[in-house]
Amino acid sequence: MKYSALKGVHDIFPPDIYTWQRVEEVVENVFSAYGFQELRAPVIESTEIFIRSIGETTDIVEKEMYTFPDKAGRRITLRPEGTAPAVRCYVEHHLYNLPSPQKFFYSGPMFRYERPQAGRFRQFFQIGAEAFGVAEPKIDAEILSMLRLLFERLGLQGLNFEVNSIGCEKCRPGYRKALIDFFSDKLDGFCLDCKRRYDQNPLRILDCKVEACVKLRADAPRVTDFLCDECKEHFNTFLSYLKSLDIPHIINPNMVRGLDYYTRTTFEVTCEDLGAQNAIAAGGRYDGLVEDFGGPPTPAIGFAVGMERIVSLLKSSGGQHIPSPEVLIAAVGQSGEREGLVIANRLRDKGIWAELGYAGNSLKSQLRKADRLAAGYVLIIGDDEIASGRLKWKRLSDSSQGEIPIAEVYDFFK
Ligand SMILES: [Zn+2]
Ligand SMILES: [Zn+2]
């Protein structure tokens, strides 16, 4: 019988795993400098949490959620994104009683039942961050500068920052109405999804990728023309901070994001190298969501970074680092095998990556193995070496070689 992984999921193993680990390490360093602390939420939640937050009429909730009843008949969903669980956690544990802002980051698998295609997975990995308790646009700018630092540290180039403000509950109804009026005589030309969106959430028509819809909305009213005074000031201050921080950006008035909970600032980071599906990070404010979850009014902002895309960018730019053992111990004869095992153990105890050759392998094949592993050194140990108390060493990079007393081998690798 042959088994294979499910459609749309993927295994991650060496050498790719090293790129994943490097990204995670840089994320932790950069995010810590901005005061974000790690949050680990479960991958399963009550279905209701996602319907309430993401929105009943969104693609995620309508088509893409992995939802199933558990044995007690509760409706469970594999998390399709990380913001709703973070908000649930923040409210459930009364973290709003702690000093603001509370800043969290997380990484892990998310699940969406999408049609598998290049770069899209049903289990995919995201790194996300959420900051609770600050309404000022300063934190919006800090978040973008954190993302810039992250991508700079990773060595990614050709990045664009797109920003927008989609207003608040005060000014959005006016914009919604203007969109409904504008689209009212164009309905026939829209795709099926947009026809439905027209009644339920006309803003989402701005998100549609279908060419006919893109054309029909070319002259649609712009959200930035409908912002109330407070939203306008918030957006302008945010833009001025971006300028102070030298973060090049463009305003994209069509960027409304596909989720219901966003308010005011939305943003996307795109990368020219990735073609059509080029967003590598996206997020925005969700000033009303904590209250929707039963907490006190709490402004908040967050984003998610798609790991698969980052890793594929780093791989294509040759940024993949593959570690190799520092030493391979090639043993000849029974006593050599035993002594080699002991030496390897002591080296490992000091944190040195040591590999062993194995019984039945000739010295020649053990040396070949050292080459294939790109080991730094080979140590050769057999009856002669044990009798003389001296080991032969060879450095593979320049073929230099020599001898050292067995007792000094640990200092040799310091
Ligand atoms: Zn407003
Ligand atoms: Zn459409």
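Q: Which residue stands opposite isoleucine 250 in S8?
A: Two strands pair if DSSP finds at least two bridges between them. Here glutamate 162 faces isoleucine 250 of S8. Strand S7 (residues 159-165) and S8 run parallel, joined by 3 bridges.

Q: What is the setting of these values?
A: The model is predicted, with pLDDT of at least 70 needed for local features and 80 or more for side-chain atom pairs, while totals for chains, interfaces and linings use all residues; side-chain values rest on heavy atoms, without hydrogens and water. Residues are numbered from 1 along each chain as its sequence is written, with chains lettered from A and ligands numbered from 1 in the order in which they are written.

Q: What is the order of the strands in the sheet?
A: The open sheet has 8 strands in the order S1-S5-S6-S11-S10-S9-S7-S8, and the pairing is mixed. Strand S1 (37-38) and strand S8 (249-251) are the edge strands, each pairing on one side only.

Q: Which strands does helix H1 lie across?
A: Contact means heavy atoms within 4.5 Å. Axes are lines fitted to C-alpha atoms, for helices over the stretch in contact, and angles between N-to-C directions run from 0 to 180 degrees. Helix H1 (residues 16-33) lies across strand S5 (102-111), strand S6 (123-132) and strand S11 (300-306), at about 0° to S6. Helix H5 (residues 137-154) also packs on the sheet, where the strands it touches include S7 and strand S9 (263-271), and its direction makes about 20° with that of S11.

Q: Why is the arrangement around the zinc ion (ligand 2) tetrahedral?
A: Four donors count as tetrahedral if all angles lie between 85 and 135 degrees. The 4 donor atoms around ligand 2 subtend 106 to 113°, so the arrangement is tetrahedral. These donors are Cys191 (SG), Cys194 (SG), Cys208 (SG) and Cys213 (SG).

Q: Is cysteine 213 buried or exposed?
A: Buried means under 20% relative accessible area, exposed over 50%, and partly exposed in between (1.4 Å probe, protein chains only). Cysteine 213, at 0%, is buried.

Technical notes
Helices (H or I, at least four residues) and strands (E, at least two) are DSSP runs, numbered from the N terminus. Donors are N, O and S atoms within 2.8 Å of the metal (3.2 Å for Na, K and Ca); water is not among the atoms, so sites may look incomplete. Four donors count as tetrahedral if all angles lie between 85 and 135 degrees; four count as square planar and six as octahedral if opposite donors are over 155 degrees apart and all others between 65 and 115; anything else is irregular.
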